[in-house]
Amino acid sequence: MSRSSLAKLMKPGMRSIALNLSSTSPGTGTRKLAIIHWKGLMNPNYTYYGYYIGYGPSYVVVGSCPVTEIPGPGINIPQYFQSMGCQVELKNTTWLVIELSNWCSGPVTIPVTAFSIELYPQYYEYVPIQYSLPTNQQYVTLNVYVNSTSPVRLFIFTPDQYEHFNESLSTSKAWYFFGPAYYYGGESTRFNTQVLLSTQQLGDGGYYLVISNVLPSTSTVSVFANITITYTPQTPNIQT
């Protein structure tokens, strides 16, 4: 994400964390050496993030120095290093800047589930989907990606419809079951689709996503699925 596009999403109530990729690792190095940075990354009040990588000036230590991070804003950096007995010089280096915020004005995609399974003949896999999302939207988008080695059927049911689907499995009608369903995606080896879900139903009773290998003629099938939800968070009343 570019810095300009990030600025459109992140508003007051955010925090920036800048990591110099030329001098420290943003992984375990940050946890061990940049404690203040790590605390910011682990703060549960920040639930959204954005990032960009830039090239800009940095004070680079010459020789050894006990300083691993600048302990706050508004500090005269050369004077701080000098007070710690360190020698620095100004160079252009690569930075990873992470923006943390407690809200985001742009669309947010959250994971529901991702899995790989072997689906036996006359079996199905179901995913209960129920969320109370902080949004004013009447509908949110369910993103469904499924890839399988043989054709399977894709359904999305309300709880009552899912119960009716289960009842049909005890009869030969299960092979030819196409509804009632909130959504029927057909029979295929690949699904890459978006389905609008009612926010109210999503929070009240939820939905069931079903990948079905209940077919007249079938065999064991390998299935990979990745399910996410995209929505726009409710904008808080922030005074600027």
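Which hand does the link of Cys 65 and Cys 86 have about the S-S bond, right or left? In this predicted model, the link of Cys 65 and Cys 86 is right-handed, with 80 degrees about the S-S bond. A search of the whole structure finds one disulfide, and in that disulfide Cys 65 is joined to Cys 86 with a distance of 2.0 Å from S to S. The pair links distant parts of the chain, 21 residues apart, with Cys 65 placed in the loop between strand 2 (48-62) and helix 4 (77-83) and Cys 86 in the loop between helix 4 and strand 3 (87-101). The two cysteines also fall into separate classes of accessibility: Cys 65 counts as partly exposed because its relative accessibility is 23%, whereas Cys 86, with a relative accessible area of 9%, is buried.

The chain as a whole contains six helices and nine strands. Of its 240 residues, 35% are buried, and the accessible surface comes to about 13,800 Å², with 52% of this area belonging to carbon and sulfur atoms. When contacts with a separation of 6 or more are considered, 83% of them are accounted for by residues 24 or more positions apart.

In soluble globular proteins, nonpolar side chains tend to be buried together. The largest nonpolar core in this model has 30 residues, and those with the most contacts inside it are Leu 142, Leu 209, Ile 211 and Ile 229. At least two residues of this core are supplied by each of strand 4 (108-119), strand 5 (124-129), strand 6 (139-157), strand 7 (183-198), strand 8 (207-212) and strand 9 (221-231), and strand 6 gives the most, with seven residues. When its neighbours within four places in sequence are left aside, Leu 142 is in contact with residues including Ile 129, Ile 156, Val 195, Leu 197, Leu 209, Thr 228 and Ile 229. A second, separate core has seven residues, among them Phe 155, Phe 157, Tyr 162 and Phe 165.

One of the contacts of Leu 142 is Thr 228, a residue placed in strand 9. Thr 228 is classed as buried because its relative accessible area is 16%, and buried means under 20%. Apart from neighbours within four places in sequence, Thr 228 is in contact with Thr 109, Ile 110, Pro 111 and Val 112, and also with Thr 141, Leu 142 and Asn 143.

Side chains of opposite charge can pair when their charged atoms come close. A search of the whole structure finds one salt bridge, in which the side chains of Arg 153 and Glu 187 meet at 3.1 Å, N to O. Because Arg 153 lies in strand 6 and Glu 187 in strand 7, this pair ties together parts that are 34 residues apart in sequence. Arg 153 is buried, with a relative accessible area of 5%, while Glu 187, at 44% relative accessibility, counts as partly exposed.

On the surface, a nonpolar patch is formed by Tyr 139, Tyr 182 and Leu 196, which together have about 290 Å² of accessible area. Tyr 139 lies in strand 6, and with a relative accessibility of 40% this tyrosine counts as partly exposed.

Note on methods
Residues numbered from 1 in each chain as written. Predicted model: local features only at pLDDT ≥ 70, side-chain atom pairs only at ≥ 80, totals over all residues. Heavy atoms only, no water. Core = buried A, V, L, I, M, F, W, Y, C linked by side-chain atoms within 4.5 Å. Buried < 20%, exposed > 50% of the residue type's maximum accessible area, 1.4 Å probe, protein only. Helix = DSSP H or I, 4+ residues; strand = E, 2+ residues; numbered from the N terminus. Contact = heavy atoms within 4.5 Å. Areas by Shrake-Rupley, 256 points an atom, 1.4 Å probe, with all protein chains shown as cover. Patch = residues over 30% accessible without salt bridge, like charges linked within 9 Å, V, L, I, M, F, W, Y side chains within 5 Å. Salt bridge = Lys/Arg side-chain N within 4 Å of Asp/Glu carboxyl O. Disulfide = S-S within 2.5 Å.
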